[in-house]
Amino acid sequence: MKRNIDALLQAGFTAAAIYDKHGNEIIQAGHFSQSRVETLPLRALNNTFLVWDDNQLILHDSKAVLDQNNQPIGSVTTERRLRQLTRS
């Protein structure tokens with residue numbers, strides 16, 4: 001599992017975490033933004049937000065993980081800096 005979550009960081013994500021179905025963190029890699037003051041929810045996508053933190057625009061996303069019976073077994077949360085949109 002650690003290798004898979006570390007691969008997300010190598011793919012350009014700044015943070016990733018996996019949670020069980022009760023919301024308990026199983027593993028985390030990278031560093032999530034600390035600011036929740038400046039957020040913009042994206043209505044078309046549940047649990048997806050644009051976050052403004054430290055002069056950077058960040059895409060914060062959470063998705064449910066389902067088993068073969070379509071039952072929730074946990075979730076994955078990721079963040080990625082949108083550098084192309086915040087360059088000076």
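**Close-ups of a predicted model**

**View 1. Aspartate 67 and its neighbour asparagine 69.** A polar atom in the side chain of aspartate 67 sits 2.9 Å from the backbone nitrogen of asparagine 69. You'll find aspartate 67 in the loop between strand 5 (56–66) and strand 6 (72–81). Strands here are DSSP runs of E, at least two residues long, numbered from the N terminus.

*A note on the model.* What you're looking at is a predicted model, where local features need pLDDT of at least 70 and side-chain atom pairs count only at pLDDT 80 or more, while totals for chains, interfaces and linings use all residues. Residues are numbered from 1 along each chain as its sequence is written, and side-chain values use heavy atoms, with hydrogens and water left out.

**View 2. The hairpin of strands 5 and 6.** Strand 5 and strand 6 make a hairpin, with five residues between them. Their pairing is antiparallel, over nine bridges; for two strands to pair, DSSP has to find at least two bridges between them. Look for serine 62, which stands opposite threonine 77 in strand 6. In the turn, asparagine 70 has a positive phi of about 65°. Most residues other than glycine have a negative phi. Asparagine 70 counts as exposed, at 55% relative accessibility.

**View 3. Asparagine 55, in the loop between strand 4 (48–53) and strand 5**. Here's another residue that isn't a glycine but has a positive phi: for asparagine 55, the value is near 60°. Asparagine 55 has 55% relative accessibility, so it counts as exposed.

**View 4. Strand 1 beside strand 6.** Over six bridges, strand 1 (residues 15–20) pairs with strand 6 in the antiparallel sense. Which residue in strand 6 is the bridge partner of alanine 16? Threonine 78 is.

**View 5. Arginine 80 over a ring.** Arginine 80 lies over the face of phenylalanine 13, 4.1 Å from the ring centre. The rule for a charge over a ring is that NZ of Lys or CZ of Arg is within 6 Å of the ring centre and within 35 degrees of the ring normal.

Conventions:
Helix = DSSP H or I, 4+ residues; strand = E, 2+ residues; numbered from the N terminus. Polar contact = N/O pair within 3.5 Å; in protein donor to acceptor, adjacent residues only side chain to side chain. Buried < 20%, exposed > 50% of the residue type's maximum accessible area, 1.4 Å probe, protein only.
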